[in-house]
There are 2 protein chains.
Amino acid sequence: MIETAAIISTGTEIVQGLYADTNACHLAGRLNELGLRVAAIIACPDDPAELEAALRHAASRASLVVMTGGLGPTEDDINRDVCASVFRVELRRDERAVELMRGHFRARGLTMRPSNERQALVPRGAIVLQNMRGTAPGFFLPSPAERGAPEDAAPQCALLALPGPPAEMTAMFEESALPLLRARIKGRVFARTRTIHTFGRPESELNDLVREIFTHDPRVTLTILAKSHGVDFLVTARAEETAAADALIARCEAMIVERAGSGCVCGADSETMQSAVARLLIAHRLTVSAAESCTGGLVAKMLTDTPGSSAYLKESYVVYSNEAKMRILGVKAATLESFGAVSEQTVREMAQGLLALSGADYAIAVTGIAGPDGGTPQKPAGLTYLALASPGRTQVLERRFPGDRELNRFHAALTALDMLRKTISGG
Amino acid sequence: MIETAAIISTGTEIVQGLYADTNACHLAGRLNELGLRVAAIIACPDDPAELEAALRHAASRASLVVMTGGLGPTEDDINRDVCASVFRVELRRDERAVELMRGHFRARGLTMRPSNERQALVPRGAIVLQNMRGTAPGFFLPSPAERGAPEDAAPQCALLALPGPPAEMTAMFEESALPLLRARIKGRVFARTRTIHTFGRPESELNDLVREIFTHDPRVTLTILAKSHGVDFLVTARAEETAAADALIARCEAMIVERAGSGCVCGADSETMQSAVARLLIAHRLTVSAAESCTGGLVAKMLTDTPGSSAYLKESYVVYSNEAKMRILGVKAATLESFGAVSEQTVREMAQGLLALSGADYAIAVTGIAGPDGGTPQKPAGLTYLALASPGRTQVLERRFPGDRELNRFHAALTALDMLRKTISGG
C-alpha cells in the first residue's frame with residue numbers, strides 16, 4: 001500500500017539551472033490531491049551514479065517513487081538501465097510498445113530507427129504504460145511484496161516511470177497511472193487544497209488578520225505566500241472523504257473572506273483577476289475600453305485573456321506619445337504642458353476622452369513611468385496614475401510601484417482591473 | 001576545496017506542488033557558472049526528519065550543500081536546529097544580527113518580538129551572513145577539515161544556509177556568499193552556458209541540422225529544448241579560463257547559426273524576440289504600430305517590453321469588434337461580409353488602414369480565432385492571419401496554431417514580431 005511519495009526528475013538542464021522543474025511541481029500537486037504525502041522532490045543530472053543515489057534516497061523516504069524523463073532513444077537516456085540495476089530486475093522487450101512506435105513513425109511518413117527499439121525495454125514484472133502521444137512507453141513496477149519478489153537488498157517501494165516531455169507525462173499519468181495508484185493507496189485520507197487570491201493588502205497585515213483561525217484544527221493548514229499577482233492563502237484540509245475536506249475548506253474560506261475583507265479577495269484556485277473581471281462584465285452586460293500609456297497594451301491583453309471577451313471589449317488604445325494622447329483621446333496640450341504626461345490631470349482626461357470616443361460603459365486609463373529609465377526625483381520610475389471613468393464619475397488612483405519594468409507594468413494593469421472589479425461588484 | 005554542490009529547498013508548499021522551486025533554479029545556474037557540478041536539487045517539506053534525510057543525502061553527493069528557507073521566526077522554521085544536529089555543532093546567539101534586526105524593525109516603526117531573536121542563532125564556527133533586506137541572517141559553515149573539527153560522524157562538506165524569500169536569498173548569495181565560495185573552489189575549470197533562441201523551425205529539424213557538430217569535442221555539450229517561445233540551443237563549454245570557454249562557445253554558435261539559418265536565430269541569452277525587434281527598430285530609426293484583434297494588445301505589450309520603446313511606438317489599437325475594424329481602420333463592410341473578420345483580405349485592409357492612420361513606418365495587423373470557442377470546420381480555433389504593411393508593400397501570413405488560447409495568442413504575437421524582425425534585418 002502506498003502512503004508517501006518521492007519524485008525524481010532527471011535532466012542535466014534542470015541541475016544546470018536552465019529551466020525550473022515544472023513536471024515535478026505538477027506531479028506533486030496531483031499526488032497530494034490523492035492524499036499522498038510527498039516527502040521529497042529530487043532533480044538529478046543524466047548521470048547513472050547520481051540517478052542511482054537519488055533512487056536509493058527516494059526509496060528510503062517513500063512507498064512510491066515517481067520518476068520522469070530519461071526514457072528516450074539517446075545515450076543520455078539512462079533511466080531504464082539504472083532502474084533495472086537498482087531494483088534488481090531484468091529488462092524485457094515489449095512487442096506491443098514496438099508496434100505502437102512503428103505506427104507512430106508510419107503515421108508521420110518516417111521509418112523507425114533501430115535506436116528507438118531500445119525504448120521498448122521495460123522491467124520484468126512491470127505494467128507497461130503505452131505512450132499514445134510519443135514514442136517512449138512508461139511503466140509501473142509494483143512493490144517487491146506485491147510482485148512476490150524475494151526479499152533482498154532491492155528497495156521495497158513501487159516505482160512509476162514516466163516520459164519527460166510534459167504533454168506525454170501528464171497524459172500518461174492521468175490516463176494510465178492514476179487507476180494503478182488509486183487501487184494501491186492506503187486508507188481514506190484525502191487532502192484538498194484551495195488557493196484564495198487576494199490583491200491590494202500586504203502579506204504581514206493579512207497574516208495578522210487570519211493566522212489565528214488556523215491554530216485550532218489540526219486537519220487544516222494554512223500557507224500564506226506573496227506572489228507577483230498578490231498574496232495567496234493556501235488552505236489544505238485532510239479528511240476521510242473529499243466532501244468532508246471540502247466542507248472544512250469552505251468554512252475556513254468564509255472566515256478568511258470575513259477577516260481579510262471581501263474587497264481584497266479576488267478569486268480562488270483557477271480564477272484570476274482577469275477571469276473575475278470578465279465574469280462580472282458579462283453578468284452585468286457591461287462594456288469596457290482602455291487607453292494605455294506605460295502598460296502598452298497589457299490591460300487590453302488581460303481583459304481579453306478570458307474566452308468570450310468580445311462581449312465586453314470592442315476596442316482599446318495604446319497612446320504612448322503625447323501627440324497620440326491629444327489626437328486620439330483629446331487630452332489638452334495645456335494639461336500635458338502644466339502637469340506632464342504622468343499626472344492625475346492627464347489620466348483623468350485620458351479616461352474621460354476614451355469614454356466619449358469608445359461609447360463603452362467603463363473607460364480605463366493608465367499613465368506612468370515603467371522604468372528603469374525616465375524617472376526624476378519628483379516623478380520616480382514606478383509612479384503610475386490610473387483612472388476609471390463611467391458616465392458621471394471618474395476615479396483616479398496614484399501608485400508608486402517599487403519593482404522592475406515588467407513587474408511595474410503587471411501591477412499597474414492588475415490595479416486597473418481591480419478598480420473595475422471593485423466598482424462593478426460594489427466592493 | 002569545493003568541486004560539487006547539492007541544493008536543498010525547504011518549504012511544504014513546494015512538495016505540495018503549489019509553486020515551482022525558482023530559488024533552486026537560480027542557485028543552480030549561479031553555481032554552474034562558478035564551475036561547480038550540481039549533483040542534486042532536493043525539495044523537502046518543513047519537517048525535521050525529511051530535512052535531516054535530505055541533508056545527509058546531499059552531503060553524501062557533494063562538497064558543498066546550499067540550503068534555502070527555514071530561517072524565519074516561526075515554528076515551521078526548523079533549518080537552524082536540524083543543521084546543528086546533523087553537523088554536530090552548537091548554536092550561538094550572534095549579537096550583531098540581533099542589533100541589525102532591531103534596527104530593521106525600528107526603521108519600520110515596529111518593536112521586535114522575542115520570537116525574532118531565535119533568528120540570530122547560528123552554528124559555532126560558521127561565518128554569519130547578515131541580511132540587509134530582511135531579518136534572518138544566513139551562515140556559511142566551512143567543512144570540518146577547514147574548521148579543524150574532530151573527524152566524527154558529521155558530514156564532511158561545507159554548508160551554506162540562505163533565507164527563503166528570493167530577494168533576500170539572491171542578495172545574500174551575490175554580496176556575501178560568493179566571495180566565500182570563490183576562495184574555496186578547487187582548480188580552474190569554468191563552465192559557461194549560452195542559450196541560442198530560435199523561432200519558426202521544429203525541434204526535430206533543428207536537431208538533425210545541428211546535432212553532429214557536438215559529437216567531436218568533449219568540452220562542449222549541447223541541449224536542445226522546445227520552449228513556448230521557440231526552440232533553444234543550450235551550449236555549455238568547460239575550460240580552464242572563462243575566455244577559453246567563451247571562445248569554444250562562440251565557435252559552436254557560429255556553426256549553429258550557419259546550419260540552422262540566420263533567419264531562424266533570433267537572439268541569445270537574455271535577448272528575446274522583443275528586445276531583438278526593439279534593437280533593430282532603434283538602430284534603423286523606424287516606427288511601428290499594431291492593430292490587433294485576437295491578440296488583444298499583446299503585440300503592443302511585447303513591443304513595449306523593452307525600455308526606450310517610446311522611440312518607435314507612438315500608438316497602437318485593439319480592434320476587437322467588426323465595427324471598430326471599420327470605424328478606426330477603414331476596413332470595408334463588403335470585405336468583412338464576403339470573407340469574414342478572420343481572413344487574408346481583412347488582415348490586409350487592417351494593416352493598410354493602420355499604416356495610413358498611424359503614419360508609422362510599419363503597420364502590424366493580427367486577426368484570428370484565439371479559441372477555445374468560435375471555431376468552425378472551415379476556420380478552426382487557432383487559425384490566424386498576420387500582416388505587415390510598409391509603404392508600397394504588404395506581406396500576409398496564415399498560421400494554424402494548435403495550442404490553447406494563451407499559447408495561440410502568444411505565438412501569434414511572436415510571429416508578428418518575427419515578421420518585423422526578418423523584414424528589417426533582411427532575413
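Predicted model: local features only at pLDDT ≥ 70, side-chain atom pairs only at ≥ 80, totals over all residues.
Local features need pLDDT of at least 70 and side-chain atom pairs count only at pLDDT 80 or more, whereas totals for chains, interfaces and linings use all residues. Residues are numbered from 1 along each chain as its sequence is written, and chains are lettered from A and ligands numbered from 1 in the order in which they are written.

A351(A) belongs to the largest nonpolar core, which has 146 residues. A nonpolar core is a set of buried Ala, Val, Leu, Ile, Met, Phe, Trp, Tyr and Cys residues joined through C-beta atoms within 7 Å; a residue is buried if 20 or more other C-beta atoms lie within 10 Å of its own, exposed if 12 or fewer, and partly exposed in between. The residues with the most contacts inside this core are A351(A), I364(A), A351(B) and I364(B). A second, separate core of 108 residues includes L181(A), A5(B), L141(B) and L160(B).

Chain B is superposed on chain A by a rotation of 180° with 0.1 Å of shift along its axis, at an RMSD of 0.2 Å (least squares on the C-alpha atoms of residues with pLDDT of at least 70 in both copies). The two copies are therefore related as by a two-fold rotation axis. Both copies use the same surface, since 100% of the contact residues of chain B recur in chain A. At the interface, 57 residues of chain B are in contact with 57 residues of chain A. Strand β2 (residues 37-44) of chain A pairs with strand β2 (residues 37-44) of chain B in the antiparallel sense over three bridges, and I42(A) stands opposite I42(B). Strands (E, at least two residues) and helices (H or I, at least four) are DSSP runs, numbered from the N terminus, and two strands pair if DSSP finds at least two bridges between them.

The backbone also shows cis peptide bonds. One joins G371(A) to P372(A), with omega near 0°, and P372(A) lies in the loop between β15 (362-368) and β16 (383-390) of chain A. In chain B, a cis peptide bond joins G371(B) and P372(B).

How values were computed:
Contact = placed C-beta atoms within 7 Å.
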